[in-house]
Amino acid sequence: MTGPGATSGFESGGFESGGFESGGFESGGFESGCFESGCFDRWGLEGWGFETRAIHAGQEPDRVTGAVLPPLSLATTYAQDAVGAHRGYEYSRSANPTRATLETALAALEGARRGLAFASGLGAEDAVLHLLRPGDHLLVPRDAYGGTYRLVDRVWGPLGVAHTPVDLADLDAVRAALRPSTRMVWAETPSNPLLNIVDIAALAEVVHGGVVHGQGALLVVDNTFATPYLQRPLALGADIVVHSTTKYLGGHSDVVGGFVATRDGARADEIAFFQNAIGAVPSPFDCYLVLRGAKTLAVRMDRHCGNAAAVADRLASHPAVGRVLYPGLATHPGHQVAARQMRGFGGMVSFVLRGGETAALEVARSTELFTLAESLGAVESLIEHPHRMTHSSVADSPLAVDPGLLRLSVGIETGADLLADLTQALDRVGGPR
Ligand code: P1T
């Protein structure tokens, strides 16, 4: 498909909180001349808007049947015309047509040269961490998904990769923590579960500057909470983007998956090597589900953002709540940076109960529409207690979470119903407003 520049894609109108600077989303700075699988620009979609790419990138009607969806390609192996003479596919762990379609589509959304799909977010992260060698050092956020820290600390630590947890919003602290052996800086923004914001462009400058030590490190950004609809880390200077596609990209709580994207072809080749050599690849059906979810990402995110902004306001005015963590609130320390680098503030909201853990546990069991469950980013609203659930693995680490904290994944249900549900649960621990 080829075409003229699309409209801006900013007419979505779903944000009640407003004030976003839209720079850089549609122009994207895409590279051209890439014809590998998982590389989007062979589809000639550079000029199209986000929603158009989400629906069409890599997904032309089937050449044989005209089917408007790419067929689910289940074969594990592919006939060769002669030894070594295959048609792009040999064995399905190495490459699969449905996976290639997904990789192309998501790479187009991130403005990447190439994307690689994995069996889970942690599988994707592990492949990226394989770029490191024993003796290398990496900086990790003081606030990140517990499983990410567990992977770095308990899998890669014993293999000789050292790490230092740092507040990545404090660039002086980042500079001070960089060592000559620092090869990678891992960022999450907004972070899980505290919704902290990192200035990606500023951090990239420090990380790549690395001039203090005569070398640059790689900046990896976990873009799971923001999604490429709200934030494009590669355009802001990050080297690698990772995702748990289990979350907003899949969007329907029915698939576990991961994704890596980069603009550097050689680095993509290295990660593709690990993808094949380690083998944490998603099934074709899982790829199909993520592809299907990604088509509606933009409209879902608009609603997630609108509902989350309303929820944050309601929480902020309830006497049972001590603190609301949502980058859309003007009081959030990362608000200005988020308004600059994101299209919207996202669908995740965390808050601390004045009544501490006892109150948090009571609220978590009292909501009806907000289901008590781990995970996030799907159409239904979820509530969870990070200290005992998603972040229990970091309870005794520098990433330990306040036991009075609750995290909400605000879904796309009717906003008023969500507010009523939260209010009745909060009233049980803080008295009616
Ligand atoms: O669960 P998996 O697909 O392997 O993704 C791991 C992961 C990576 N990065 C972020 C920011 C994440 O939030 C996650 C998974 N998080 C949860 C399951 C959760 O409830 O927070």
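Predicted model: local features only at pLDDT ≥ 70, side-chain atom pairs only at ≥ 80, totals over all residues.
Helix α3, residues 121-129, and helix α4, residues 146-156, have axes that come within 11 Å and cross at roughly 45°. That angle makes α3 oblique to α4. As for its hand, the crossing of these two helices is right-handed.

Which residues of α3 and α4 meet? From α3 we have Leu-122, Glu-125, Asp-126 and Leu-129, and from α4 we have Gly-147, Thr-148, Leu-151 and Trp-156. Sorted by type, the residues of this contact come to 4 nonpolar, 2 polar and 2 charged.

You will find Pro-233 in the loop that runs between α7, residues 227-230, and β6, residues 240-244. Is Pro-233 buried or exposed? Pro-233 counts as buried, because 30 C-beta neighbours lie inside 10 Å, and the cut-off for buried is 20 or more. Leaving aside residues up to four places away in sequence, Pro-233 touches Ile-200, Val-221, Asn-223, Ala-238 and Val-241. Have a look at Ala-112 as well: this residue is 121 residues from Pro-233 along the chain, and the two C-alpha atoms are separated by 9.9 Å.

Now the chain as a whole. The protein chain has 433 residues, and 52% of them count as buried. Its secondary structure consists of 13 helices and 12 strands. Last, the contacts. Take those between residues at least 6 apart in sequence: 74% of them join residues at least 24 apart.

That is the end of my part.

Conventions: Residues numbered from 1 in each chain as written. Helix = DSSP H or I, 4+ residues; strand = E, 2+ residues; numbered from the N terminus. Buried ≥ 20, exposed ≤ 12 C-beta atoms within 10 Å, placed from the backbone. Contact = placed C-beta atoms within 7 Å. Axes fitted to C-alpha atoms, helices over the stretch in contact; angles between N-to-C directions. Parallel < 35°, antiparallel > 145°, perpendicular 65-115°, else oblique. Left-handed = near helix turned anticlockwise from the far one by under 90°. Nonpolar A, V, L, I, M, F, W, Y, C, P; charged D, E, K, R; others polar.
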